[in-house]
Amino acid sequence: MPHPPIYLDNHATTPLDPLVLEAMMPYFTDRFGNPGSTHLYGWEAGAGVEQAREQIAQILGASPQEIIFTSGATEANNLAIKGVAEAYLAEGRHFITVVTEHSAVLAPLQYLEGFGFSVTYLPVDGNGLLDPQDLISAIRSDTVLVSVMAANNEIGVIQDLKTIGQICKERGVLFHTDAAQGIGKIPLDVNPMGIDLLSFTAHKCHGPKGIGGLYVRSRNPRVKLAPQIYGGGQEQALRSGTLAPPQIVGMAKALTLAVENQTTEQAQIRELRERLWSQIATLPGIYLNGHPYQRLAGNLNVSFAGVDGATLLAALRQEVALSSGSACSSTSLKPSHVLKSIGRSDQLALASLRIGISRFNTQAEIDRVATLITDTVTCRYQ
Ligand SMILES: *Cc1c(COP(=O)(O)O)cnc(C)c1O
């Protein structure tokens, strides 16, 4: 039997932590109630949900009533962007974002453009960072929302949220951040960072898929949102639908584990990343994509000049699971918009490897992958 491939695609999704599964189990069995029901079963399930809400609020420096559960970060981004657009129609119809955002931010903004909203897409520098001066210049009197991701899902670059938040605060503009990749891995604190809306998800952080949420600031200022899903009025009528206690409890467990061990765990993961990089950094034609150190500890993204991207990935696929460019475009052979935006050519963007390292990867796996990449690039394709 061949070994299963080494999993290094942790920006696409992560394996569930066994401790998370353990926390979820009772909510699949004994505590199966609908949190909206007014009997013991409902109360038990509801208590799990409310404890999870408190834990998540605490992680973000927020209050429990500022957390709205959704099906994930895609839905949270849609609620933040379309919800603000609808609720602030009278104040303005201009949005600002960055070219390197995830499609879950870009697509709802493009949808709004179809209805007459205007959107400014700010560029990034060669390292993938937004220049705060560009943001200042882009803000207009009719700007309602700035949306800048916390950490990039391809090149791992961490934006300076505190500076961006301060710029938005001083100008009375709402600040949304897509923290799908950041939560659990980098410190996030909504008040000192001036964040008004923050999208998060569980499955990028060893939690279950299909659950996430949106932090919505309730004071200084109170953010107005128009619901995007109507129904039974759950989640302060901002997101109707029966809550999913197993998923919610699992998400809180996953995020709590990540935050409790953040400093030591991220240091270990960074060490593995540096170990891999030190073994491949001198390969012919290699480029590091994204800022050399202002990036997620577990992220490495590299391109190879003169190598065919599809062949490179095909050669590695049997032994290592990773992706090229963005996961969404890896089947369509479209060069990643993120790599293009930091100035990479089509060839370099296509011949890229996105490596995401997690707490479950080992030194032996990293060394094996370094050998595989080296052999593939030097022996077969040069
Ligand atoms: C994964 C991801 C999303 C989508 O999250 P889901 O919970 O899968 O909907 C959004 N933004 C970023 C930056 C991501 O990495």
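1. Let's start with a term: a polar contact is a pair of N or O atoms within 3.5 Å; within protein, one must be able to donate a hydrogen and the other to accept it, and residues adjacent in sequence count only if both atoms are side-chain atoms. In the ligand site, a polar side-chain atom of Asp178 sits 2.6 Å from a nitrogen atom of the ligand.

2. A word on the model before going on. It is predicted, so local features need pLDDT of at least 70 and side-chain atom pairs count only at pLDDT 80 or more, while totals for chains, interfaces and linings use all residues. Residues are numbered from 1 along each chain as its sequence is written, and side-chain values use heavy atoms, with hydrogens and water left out.

3. Who else is around the ligand? The residues there (a heavy atom within 4 Å) include Gly72, His102, Met149, Gln181 and His203.

4. Now have a look at Asn361, in the loop between β12 (352–356) and α12 (363–380); helices (H or I, at least four residues) and strands (E, at least two) are DSSP runs, numbered from the N terminus. Is Asn361 buried or exposed? Asn361 is buried, because its relative accessible area is 10%, and buried means under 20%, exposed over 50%, partly exposed in between (1.4 Å probe, protein chains only). Its side chain makes a polar contact with the side chain of Asn10 (3.4 Å) and reaches the backbone nitrogen of Ser358 at 2.8 Å.
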